[in-house]
Amino acid sequence: VADLQAVFHTRNALQCGYCTPGMLLTAQALLAANPAPSREEIRVYLSGNYCRCTGYHAIVDAIESVAASRRAGESVAASRRAGESVAASRRAGEAS
């Protein structure tokens with residue numbers, strides 16, 4: 001779960017923290033059952049959790065990033081760097 005926690009923080013996928021434990025545990029269960037979920041599968045799996053602060057884009061991005069890092073056998077630090085890289089790429093795409 002440490003890699004999910006790190007990337008949730010890096011990707012700003014948490015705000016008040018109220019839903020974070022449920023999101024993290026749900027994400028951990030999803031990735032244990034399906035190491036390569038699509039964005040839609042992530043959204044469906046998270047559908048029982050409610051977040052009023054962030055919306056779900058950053059949460060889905062964080063889970064997608066951790067899934068890719070885990071498949072590549074990367075460490076928590078590498079997951080955090082991957083999360084930062086994906087975030088920067090998305091921001092650059094949104095700015096153009």
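Asp 61 is buried, with a relative accessible area of 8%. Here, buried means under 20% relative accessible area, exposed means over 50%, and partly exposed lies in between (1.4 Å probe, protein chains only). This is a predicted model, in which local features need pLDDT of at least 70 and side-chain atom pairs count only at pLDDT 80 or more, while totals for chains, interfaces and linings use all residues. Residues are numbered from 1 along each chain as its sequence is written, and side-chain values use heavy atoms, with hydrogens and water left out.

Which residue forms a salt bridge with Asp 61 with the closest N and O atoms 3.1 Å apart? That partner is Arg 11. A salt bridge is a side-chain nitrogen of Lys or Arg within 4 Å of a carboxyl oxygen of Asp or Glu. Arg 11 lies in the loop between helix H1 (2-10) and H2, and Asp 61 lies in helix H4 (residues 57-71), so the pair ties together parts that are 50 residues apart in sequence. Helices are DSSP runs (H or I, at least four residues), numbered from the N terminus. Arg 11 also counts as buried, at 8% relative accessibility.

At 25% relative accessibility, Arg 39 counts as partly exposed.

Arg 39 forms a salt bridge with Glu 64 too, and there the closest N and O atoms are 2.8 Å apart. Since Arg 39 sits in helix H3 and Glu 64 in helix H4, the pair ties together parts that are 25 residues apart in sequence. Glu 64 is partly exposed, with a relative accessible area of 27%. How many salt bridges does a search of the whole structure find? It finds four.

Let's go back to the start of the chain. The buried residues of H1 are Asp 3, Leu 4, Ala 6, Val 7 and Phe 8. Just after H1, Asn 12 takes a positive phi of about 55°, although Asn 12 is not a glycine. Asn 12 lies in the loop between H1 and H2 and is partly exposed, with a relative accessible area of 46%.

Is Ala 13 buried or exposed? Ala 13, in the loop between H1 and H2, is buried, with a relative accessible area of 2%. Leaving aside its neighbours within four places in sequence, Ala 13 is in contact (heavy atoms within 4.5 Å) with Phe 8, Thr 54, Ala 58, Ile 59 and Ala 62. The C-alpha atoms of Ala 13 and Gly 55 are separated by 8.7 Å, although these residues are 42 apart along the chain.

## How H2 packs on H3

Two packed helices are described by the angle between their axes and the distance between the axes. Axes are lines fitted to C-alpha atoms, for helices over the stretch in contact, and angles run from 0 to 180 degrees between N-to-C directions. Helix H2 (residues 20-33) and helix H3 (residues 39-46) pack at an angle of about 130°, with their axes 10 Å apart. H2 and H3 are therefore oblique to each other. Angles under 35 degrees count as roughly parallel, over 145 as roughly antiparallel, 65 to 115 as roughly perpendicular and the rest as oblique.

H2 passes H3 in a right-handed crossing. A crossing is right-handed if the near helix is turned clockwise from the far one by less than a right angle, and left-handed if anticlockwise. On the H2 side, the contact is made by Met 23, Thr 26, Ala 29 and Leu 30, and on the H3 side by Ile 42, Tyr 45 and Leu 46. By class, this contact has six nonpolar, one polar and no charged residues. Ala, Val, Leu, Ile, Met, Phe, Trp, Tyr, Cys and Pro count as nonpolar, Asp, Glu, Lys and Arg as charged, and the others, Gly among them, as polar.

How values were computed
Helices (H or I, at least four residues) and strands (E, at least two) are DSSP runs, numbered from the N terminus.
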